Amino acid sequence: MIKIEYLPGAVLTIYLFLTILEYMVSPWNWPTKNPELLYFFVFTVNTVFFLGYWAAIHKRNKSESNDLILNHNFDVGNKWFKVGLIVSVIAIYPRMVTVVGRFDFSLSTMWALFLNGLSNAGVAYSEKVLFHGEDTSSTNALTLLMLALNPLRFFVLTWGIFFWKKYSVMIKLGLLLMIVCEIVSYIIIGTNKGLFELLCWIPFLVAASICSYRDSAGSAHGKVPGAPERPAIKRNLFKKIVLIVLGTCALFSAIGYFSQGQEERRKDYLFKDIGAETNLNMNHVVMRTLPDKLAISYAMLDQYLCQGYYGLDKCLGLNFVYTYGLGNSIFLTYFIGQRFFGAGMAIENSTYPARLELLTGYSSLNRWLSCYSWWAGDLTFPGVIIAVFFVGYALGCAWLDILYQRIPTAFPIFALFAIMVFYFPANNQILYFSGSCIAFLVCFALWLIFRHRGTRRRWSVQEV
C-alpha cells in the first residue's frame, strides 16, 4: 500500500516508465535513430524526477503543523474561495466563448455544437481550426480578462474539490457547473484536453481529502478544519467504491472519445504515421489479440502517448542553440521575445522542434516532441535532467503543503505541476500555452510567497 505522502510521485513515476516501455514494444515501428541514448536519457529523467520528489518528502518536518496554522490557512483560503467561486461562475460563459473561439455563441448554438462535438469529434476539431482566431481583435479585452482569471479558476477548482464535504449544496453545484462547462467547452472543439487535465490531479486531491477526513479524529496533521468525526467503515468503503467506479467510467469515456476523434481526424492514414514515416504493425501480438475496434483504439492511444519519444530521439541528435529562456513557450517567445526584443521569430526558429521540422518536415506544432525537447533549447539536455529533479521536488513540497499545512496556493500549483509531469512524454503543456503559463507563473510566485510567510509564522508559534 502506497503511503499518501508518496502517492502522486509514485503514480506519476510509474506512468512515465510505462510510456517509455510502451514505446519500446509499440505496434508502431518507430524508426529510432539512437535507441541507447534515448532510453538512457528517459530512464535517467524518470529516476531523477522521483528522487526529487523523494527528497522533498524526506526533508519536510511534518511536526511543524498544528491546529493554529491549519485553521489560519483554512480561513484565508476559504475567504478567497468564496469570492473566487462567484467570479468564476460569472466568467463561465465568456470563458467558453474564448475556448471555443466562436463569438456568435448562444445557448442554442452551444447545444448544437456540443452534440456535433460528441458525435463527430474530428469534424468539430476541423471547425475549431476554421473558426478560431476570427474577430479576435474585437474580443482581445475579453481574452485578456479570461487569462488574468485563470490562476483564480485553478485555485477555486482545486480548493473546492479537496474541501468538498465542508461546503453547502449551492457551492457544490457551482463547482460542478464549472467542471461540466470546462469539459463541454473542449468537447465542442473536438478535443478531450479538459477532461484529461482534470484527471491528472482530481484523483490525488480526492485521495488526500478522504485520508484527511479518515484521520480527523487523530492528530492535527491530517485534520481538515471542521471535519466530521471518523465515519462508519461500511459507509466510507461504499464511497470509495463509488469514486473508483466513477473515476474508471470517466477514464474510459475519455479514452473512447479520444479514439473516436483520432480515427475521424486520420481517416485517410489510419494505419500509418506520415510524419514519422512508419506503419502500424498489424501482426503485433496486441493487435492480433484484441477485437478490431479495441485494437484500433489501442493503436491510436499508443501512437498519441509514444510519438513524443520519436521526436525526442531526433532532437537528441541535433546541436544545441540557445533560446534565451523563452524557446520552451510560444507564448513567452512572442509576448516577451517579440514585443521587447523583436526576436520572436528568431527564437522560435532556433528551438529543437523548429530546427527538426526544417530538417525533416516533422511538424513542431502538430506533433508531439516531448516536453524535454522544448526545454532543452533553454537548458541543454543535461540541464533538463536537473530541472526535472526540481520539478519533482516542487511537486512533493506542494503535496506536503496540502496534506499538513493547507496552504491555499499549494492547491493550484500542485495541480499545474501534476499536469506538467503527465504531459512530459508529449509536450510542454503548461508553459507552452498562454492561459496555463500565466496561471503557473502567478500561482508559483504566490505559493513561494505564502510558504515564506508560513515559515515565519510557524517559528513564531513555536516560540510562543
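What percentage of the 464 residues of the protein count as buried? The share is 52%, where buried means under 20% relative accessible area, exposed over 50% and partly exposed in between, with a 1.4 Å probe and protein chains only. The model is a predicted one, in which local features need pLDDT of at least 70 and side-chain atom pairs count only at pLDDT 80 or more, while totals for chains, interfaces and linings use all residues. Residues are numbered from 1 along each chain as its sequence is written, and side-chain values use heavy atoms, with hydrogens and water left out.

The protein has 20 helices and 2 strands, these being DSSP runs numbered from the N terminus (H or I of at least four residues for helices, E of at least two for strands). Contact here means heavy atoms within 4.5 Å, and of the contacts with a separation of 6 or more, 78% are between residues 24 or more positions apart.

The largest nonpolar core holds 118 residues; such a core is a set of buried Ala, Val, Leu, Ile, Met, Phe, Trp, Tyr and Cys residues joined through side-chain atoms within 4.5 Å. Phe 81, Trp 201, Leu 312, Trp 375, Trp 399, Met 420 and Phe 424 touch the most other members, and helix 17 (residues 381–405) gives the most to this core, with 14 residues. Leaving aside residues up to four places away in sequence, Trp 201 touches Leu 157, Thr 158, Ile 161, Ala 415, Ala 418 and Ile 419.

Spanning residues 35–59, helix 2 has 25 residues and reaches 36 Å from its first C-alpha to its last, close to the 36 Å expected at 1.5 Å a residue, the expected span being 1.5 Å times one less than the number of residues. Among the buried residues of helix 2 are Leu 38, Phe 41, Val 45, Phe 49 and Tyr 53, and what covers the buried residues of this helix includes helix 1 (7–24), helix 12 (292–315), helix 16 (371–379), helix 17 and helix 18 (410–422).

The axes of helix 2 and helix 17 come within 7 Å and cross at roughly 35 degrees, with axes taken as lines fitted to C-alpha atoms, for helices over the stretch in contact, and angles running from 0 to 180 degrees between N-to-C directions. The residues that meet include Phe 41, Val 45 and Phe 49 in helix 2, and Val 384, Phe 389 and Trp 399 in helix 17.

Two residues other than glycine stand out for their backbone. Most residues other than glycine have a negative phi. Tyr 324, however, has a positive phi of about 60 degrees; Tyr 324 is in the loop between helix 12 and helix 13 (330–341) and counts as exposed because its relative accessibility is 57%. Ser 370, whose phi is positive and near 75 degrees, lies in the loop between helix 15 (352–360) and helix 16, and counts as buried because its relative accessibility is 0%.

Met 287, in helix 11 (residues 285–289), counts as buried because its relative accessibility is 5%. Met 287 and Pro 27 are 260 residues apart in sequence, yet 7.5 Å apart in space, C-alpha to C-alpha. Not counting residues up to four places away in sequence, Met 287 touches Pro 27, among others including Leu 280, Tyr 298 and Ala 299.
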